[in-house]
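Colleague: I'd like to learn how to read a model like this one. Could you walk me through it?

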Amino acid sequence: MSTIPDLRAEAARLLHTNRYLTLGTATPEGVPWTTPVTYAWDDTDHFYWWSAADAVHSRNIAANPAVSLLVFDSRTSDAEAQALYGQGTAHALAPADLPTALAVFYARRYPDPAVRARKARVPAEFQGDSPKRFYCATIHTYSALTPDPHPVHGNAVPHRLVFPFTTAWAKAYGPGEPGV
């Protein structure tokens, strides 16, 4: 049987060890779109990325803020497959919110201060006439695959379980932690 602490630990491991998430958006008419984005998260269930303002997913978010995300390790075997799923809403950040979001993003993406100093961007690159925008998704519901038997199909198919999770718990599981 899986336990909630096991699912939380696995979710934290996935957040720490993956560089991309799959972002799901939809048009107001419900036409789906998925795309990989490089991401970072804070301790309050916000996920950040930057994209072209005219990208399909950016236009979808402007018209329909509902989003989903998926973080998974594509290098594992089918038997070891695990993923963190999230549902929430997203928006392009206002100029006043950019300094904090950029600090979180670049600190998470580049923990080495020397590398961060070279890679970090300034708020002006994501506002005004710039073709780039910085985005934030707030995730309200998390789920993960569970090894527990499916309530109807037993062990014939895997299934997801909604479980209590917050990104604040992920800081307890740093990369390289035992078991993570």
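Colleague: What share of the contacts in the chain with a separation of 6 or more comes from residues 24 or more positions apart?

Modeller: Contact here means heavy atoms within 4.5 Å. Residues 24 or more positions apart account for 66% of the contacts in the chain with a separation of 6 or more. Some ground rules: this is a predicted model, where local features need pLDDT of at least 70 and side-chain atom pairs count only at pLDDT 80 or more, while totals for chains, interfaces and linings use all residues. Residues are numbered from 1 along each chain as its sequence is written, and side-chain values use heavy atoms, with hydrogens and water left out.

Colleague: How many helices and strands does the chain have?

Modeller: Both are DSSP runs numbered from the N terminus: helices are H or I with at least four residues, strands are E with at least two. The chain has four helices and eight strands, and from the N terminus on they run α-β-β-β-β-α-β-β-α-α-β-β. The radius of gyration, taken over C-alpha atoms, is set against a globule rule of 2.2 Å times the number of residues to the power 0.38. For this chain the radius is 17 Å, close to the 16 Å the rule gives for 180 residues, so the chain is as compact as a globular protein of that length.

Colleague: How much of the chain counts as buried?

Modeller: Buried means under 20% relative accessible area, exposed over 50%, and partly exposed in between (1.4 Å probe, protein chains only). Of the 180 residues, 41% count as buried.

Colleague: Which residues have the most contacts inside the largest nonpolar core?

Modeller: In soluble globular proteins, nonpolar side chains tend to be buried together. A nonpolar core is a set of buried Ala, Val, Leu, Ile, Met, Phe, Trp, Tyr and Cys residues joined through side-chain atoms within 4.5 Å. The largest one here has 26 residues, and those with the most contacts inside it are Leu-15, Leu-21, Phe-47, Trp-49, Val-71, Leu-84 and Phe-163. The elements giving two or more residues to this core are α1, β1, β4 (46-52), β5 (66-72), β6 (83-92) and β7 (132-146). There's also a second, separate core of 12 residues, with Ala-40, Leu-93, Ala-101 and Tyr-110 among them.

Colleague: In which sense do β1 and β2 pair?

Modeller: Two strands pair if DSSP finds at least two bridges between them. β1 and β2 (residues 32-38) pair in the antiparallel sense over seven bridges, with Leu-21 standing opposite Val-37. Their hairpin has five residues between the strands, and Gly-30 takes a positive phi near 95° there. β1 also pairs with β5, again antiparallel, over three bridges, and Gly-24 stands opposite Ser-68 in that strand. As for cover, five of the seven residues of β1 are buried.

Colleague: Is Asn-18 buried or exposed?

Modeller: Asn-18 counts as buried because its relative accessibility is 13%. Its place is in the loop between α1 (4-17) and β1 (20-26). The Asn-18 side chain reaches the backbone oxygen of Leu-14 at 2.9 Å. Leaving aside neighbours within four places in sequence, Asn-18 is in contact with Tyr-39, Val-71, Phe-72 and Asp-73.

Colleague: And where is Asp-129 found?

Modeller: Look in the loop between α4 (113-119) and β7 for Asp-129. At 82% relative accessibility, Asp-129 counts as exposed. The C-alpha atoms of Asp-129 and Pro-149 are separated by 53 Å, with the two residues 20 apart along the chain.

Key:
A polar contact is a pair of N or O atoms within 3.5 Å; within protein, one must be able to donate a hydrogen and the other to accept it, and residues adjacent in sequence count only if both atoms are side-chain atoms.
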